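Subject: Structure for you, with notes on its disulfides

Dear colleague,

Please read them with the coordinates open beside you.

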Amino acid sequence: MKSNFSSRFKCGVSAIAVAAILPIGIQSSYAANEAAAENEVSFEEVVVTGSRIKRGNLSTSTPVTVLDSEAIKVTGAANVAEILRELPSVGLAGLNTTNSNFLTSSAGINTVNLRNLGDDRTLTLVNGRRFVAGVSGTSQVDLNMIPAALIERFEVVTGGASAVYGSEAIAGVVNFILKDDFEGVAVDGQYGISGKGDMDEITTGVTVGANFADDRGNATVHFAYNKEFGLFSRERGIDDTFYSRSGEGTLFEPANSSYPPQGRFLGASWTYDPSGNLINSFSSAVNGFNRSEFRRIAVPTKRMLFASTAHYDVNEYVTAYVEGSYAQTETRSNIEPFAFASSNIYQGAVDGMPLDNPFIPQAILDDITAQNAAQAILNADADPDNDAPLITALDFKRRLLEFGDRTSQANRNTFRVVLGLKGDITEDWSYDASYTYGRTIDAQNSDGQISTPNFRDALDVEADPTNPGGYRCKDVDARAEGCVPVNVFGMNSISAAAVQYLAAPKSRRATITQQVLSASVSNGNVFTLPGGDVGFAVGIEHRREASETLNDALTQSGQNAGNRIPNTKGEYDVTEGFAELSVPIISDVEFAKYIGLEAAFRYADYSTVGGVSSWKIGGDWTLNDDVRFRAVYAKATRAPNIGELFSGQSQTFPSGLTDPCDNITASAAPNADATQAANCRAIPGVAAAISNAGIFTVPQVDYQTIDGLNGGNIALFEETAYTLTAGVVFTPTFLEGFSLSVDYYDIKIDDAIQSVARQTSINECLSSADPASSPFCNNVIRGADGKIDRVNAFQLNLATKRNRGIDVATAYDLDMMEAVGVEGNLNFGLNYTLILKAGEIPFEGADYTDFLGEIPDVKHRARFSMTYTGANLTLGYNMTYIGSVKDDLDGGNYSLNDIGTVTYHDLQARYSFGEDGQYEVYGGVNNVFDKAAPFLPSGTQSGDTGTDTNSMYDPVGRYFYFGAKAKF
């Protein structure tokens with residue numbers, strides 16, 4: 001079979017990767033076999049993800065997974081995030097369409113998370129260059145902003161990439177390569193709908209490209225529109241394959257919420273029955289509220305994307321290029337109306353509305369009088385254990401149904417432009433210099449919130465002397481500002497005028513900017529060794545990142561029934577130098593067709609954490625045409641991002657905290673061990689209490705007044721990871737077109753950044769041999785009396801994370817004419833990941849926390865694909881396998897804890913016709929057998945609120961799509 005490998009790689013398509021996901025090392029080894037058989041084949045030098053050195057032989061020491069444009073088409077996915085999620089090496093993204101409805105600031109965003117090590121530890125590139133973040137304060141790219149139809153291929157590297165690309169590449173790199181040589185006009189459209197008749201999706205696109213200046217240049221322009229209509233929980237009924245089941249009343253979620261729209265009063269016992277009668281016996285099953293009526297399984301998203309690429313050969317030494325993109329997305333999240341309590345607006349001793357409020361029913365007032373009379377008798381007796389304050393205000397809980405559901409409408413705009421020059425200085429030396437500017441603006445408006453100062457004024461009501469039988473707010477200033485009395489008793493009792501006065505829509509605007517100046521030179525033939533040409537690359541990069549998030553005034557002051565959320569503003573810059581070396585030691589000797597080494601080093605000087613370094617060293621031993629061994633060991637770093645460093649400090653009031661110093665005496669410490677007791681007695685306020693009263697005690701009221709701050713920590717420093725990847729590649733000459741790779745990986749992250757539980761900070765501070773130097777003690781603030789006033793939860797460099805496993809990839813490309821005499825090709829591909837270890841030590845001295853076998857660290861994951869390609873017909877089949885897993889490894893004895901294996905099957909057929917197949921129609925079905933997602937309601941560890949499953953699984957069910965494409 002005559003090879004056209006060179007031309008195929010020029011287009012980015014491998015003979016064995018038409019519809020399968022393959023390591024690029026397998027492709028190159030297969031190509032080498034072809035080249036050995038046919039000496040006339042020439043290789044065009046290209047740059048492979050994970051290296052900056054141009055080379056003709058694409059063998060590298062680092063495994064690279066490749067998916068080309070043909071394989072992307074067979075999936076039918078309009079969003080690249082959907083394709084990435086099926087790869088076994090890709091973990092559970094922190095943000096996606098079906099897990100972000102309750103995350104109002106990021107609803108509808110799609111990110112990527114390699115190896116389940118966190119979205120911030122995966123670097124996303126476009127054409128080998130950084131892409132501006134889509135989530136404020138982070139490096140996380142919103143994949144909604146990348147046009148799937150313009151992707152030539154994408155490549156995934158899962159180790160040793162930090163030395164080549166810099167920070168955030170600890171877990172690896174995802175690099176999207178865009179088409180830059182398109183000619184003609186292509187128009188396409190697709191419509192999808194679930195088997196239940198919901199979750200509609202519409203996608204259209206136009207791509208126009210042409211060569212110019214006697215083929216010295218090309219310009220390609222692409223426009224796409226995509227609308228996902230989303231899915232409400234209420235749209236899935238009890239007979240559906242999958243549905244939100246909160247109405248059933250499970251072990252983890254009550255049948256209805258205890259915050260009903262008619263209200264609960266006086267210790268939450270008084271309420272109204274469905275007929276509107278006041279009763280003193282609340283029942284969630286009868287009088288509660290079904291939240292799932294308002295929740296979403298999938299966030300609706302509308303996307304408009306514009307992207308363009310152009311390049312022009314100025315002369316034989318200079319090629320100018322430009323990339324431009326603009327993307328706009330609109331999302332809308334929906335959750336149930338606000339669950340409001342009197343404690344949201346009243347603090348301290350008074351926790352409720354004034355008892356002279358004229359709307360309070362007489363039956364409740366009579367009950368208060370009776371309870372106070374009984375309590376007064378107890379307070380007068382000799383037993384102090386029965387003493388309690390009298391009721392002086394009415395507490396209540398109420399669902400604010402009149403305000404409508406809480407929504408967040410987000411409009412996100414991402415603009416990016418790349419300007420660059422590249423070319424050959426000499427036959428061997430080449431250069432590439434570019435400037436990248438990116439900006440994301442995320443503007444959000446949220447409804448369903450209330451102003452707590454206004455609500456407090458609206459509950460302080462008196463008779464209106466100017467309007468007999470009417471009422472008014474007592475406060476003169478409040479009346480001048482339009483205060484309207486609010487009646488919270490009963491269903492739909494809050495008037496439209498009161499709603500208008502109390503409503504406090506929230507607003508949030510985030511702006512993210514990125515600027516990158518980069519220049520590099522490379523030489524694929526510095527000098528020649530017995531093994532071949534030595535390759536070298538060196539470069540410098542300067543990057544500036546900035547992020548700002550501005551909230552409305554009420555949100556900043558915590559006066560919209562929530563805790564205070566301040567603004568966040570931060571920036572940093574980093575200057576980096578890098579070098580890379582490829583050394584072919586020997587070739588074409590016995591037991592070594594090729595042995596080579598690779599090395600890379602990067603030094604980065606951050607304005608925040610100072611100087612950090614990364615490096616890698618790898619080796620490649622090609623035993624013969626059949627067997628190749630590869631390995632790479634690397635040090636990677638990740639500098640803290642803007643959010644981790646500079647996010648504003650928001651206030652919260654934690655509950656359930658205990659102080660080990662409580663009830664300590666000079667000789668006894670009932671709640672503390674010996675080290676903790678000694679450190680307690682060394683606290684001046686504690687020592688003074690023991691000296692004066694013989695004991696240090698913390699009354700319950702003091703626990704209730706403890707507050708805390710969440711926010712950035714400017715004292716953070718870089719994370720450091722050490723990664724090992726080693727494997728073997730088989731390309732047997734006796735089975736042309738077959739390839740198999742097996743790679744072992746081991747990733748250890750030290751000084752990982754994460755927050756610490758407040759109780760942990762209290763305990764570990766007192767357990768420290770030197771509290772003055774303990775990072776935990778920085779989180780615990782005690783007053784002069786020794787009692788805890790504040791416990792912060794700032795992020796710290798404390799954790800050690802570990803992830804190791806085995807990746808297996810195999811592919812087979814069968815020429816059916818040669819095999820069975822039938823026209824066409826049959827391609828098989830399989831990717832499988834076995835996780836051997838996944839867990840962390842949250843801080844030094846703590847026990848190891850095992851995640852292996854718990855969502856999302858599934859031990860076994862696989863993806864199999866099979867594609868038949870004929871003259872006019874293409875048939876595709878994909879299977880995604882997710883092994884058995886537990887919701888919670890620690891004490892999960894409930895019936896839903898053990899989750900069996902889940903397998904999804906997808907089918908597609910494409911038919912082309914017309915001259916040169918310029919017209920194409922296709923259709924497909926995903927989740928052919930309508931496999932239901934595991935039931936994981938609220939209360940389970942892994943359940944996504946409102947979805948009742950985890951987004952690792954498909955919550956939609958069987959899905960059909962149809963489309964057409966024409967090229968002119």
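Cys661 and Cys680 form a disulfide, with their sulfur atoms 2.0 Å apart, where a disulfide is taken to be a pair of cysteine sulfur atoms within 2.5 Å. The torsion about the S-S bond is -90°, and the link of Cys661 and Cys680 is left-handed. Distant parts of the chain are linked by this pair, since Cys661 sits in the loop between β33 (650–652) and α13 (674–681) while Cys680 belongs to helix α13, 19 residues apart; helices (H or I, at least four residues) and strands (E, at least two) are DSSP runs, numbered from the N terminus. Cys661 is buried at 0% relative accessibility, and Cys680 is likewise buried, with a relative accessible area of 0%; buried means under 20% relative accessible area, exposed over 50%, and partly exposed in between (1.4 Å probe, protein chains only).

Before the other pairs, a word on the basis of these values. This is a predicted model, in which local features need pLDDT of at least 70 and side-chain atom pairs count only at pLDDT 80 or more, whereas totals for chains, interfaces and linings use all residues. Residues are numbered from 1 along each chain as its sequence is written, and side-chain values use heavy atoms, with hydrogens and water left out.

By the disulfide rule, the count comes to 3 disulfides, and with bonded cysteines counted along the chain they follow the pattern 1-2, 3-4, 5-6.

Another of these joins Cys473 to Cys483, with an S to S distance of 2.0 Å, and at -75° about the S-S bond this link of Cys473 and Cys483 is left-handed. Because Cys473 lies in strand β24 (residues 471–473) and Cys483 in the loop between α9 (476–480) and α10 (496–502), the pair ties together parts that are 10 residues apart in sequence. Cys473 is buried, its relative accessible area being 0%, and Cys483 also counts as buried, at 11% relative accessibility.

There is also the disulfide formed by Cys765 and Cys777, whose sulfur atoms are 2.0 Å apart; the torsion about the S-S bond of Cys765 and Cys777 is about 100°, so this disulfide is right-handed. The pair links distant parts of the chain, with Cys765 in helix α16 (residues 758–767) and Cys777 in the loop between α16 and β37 (780–782), 12 residues apart. Cys765 is buried with a relative accessible area of 12%, and Cys777 counts as buried at 15% relative accessibility.
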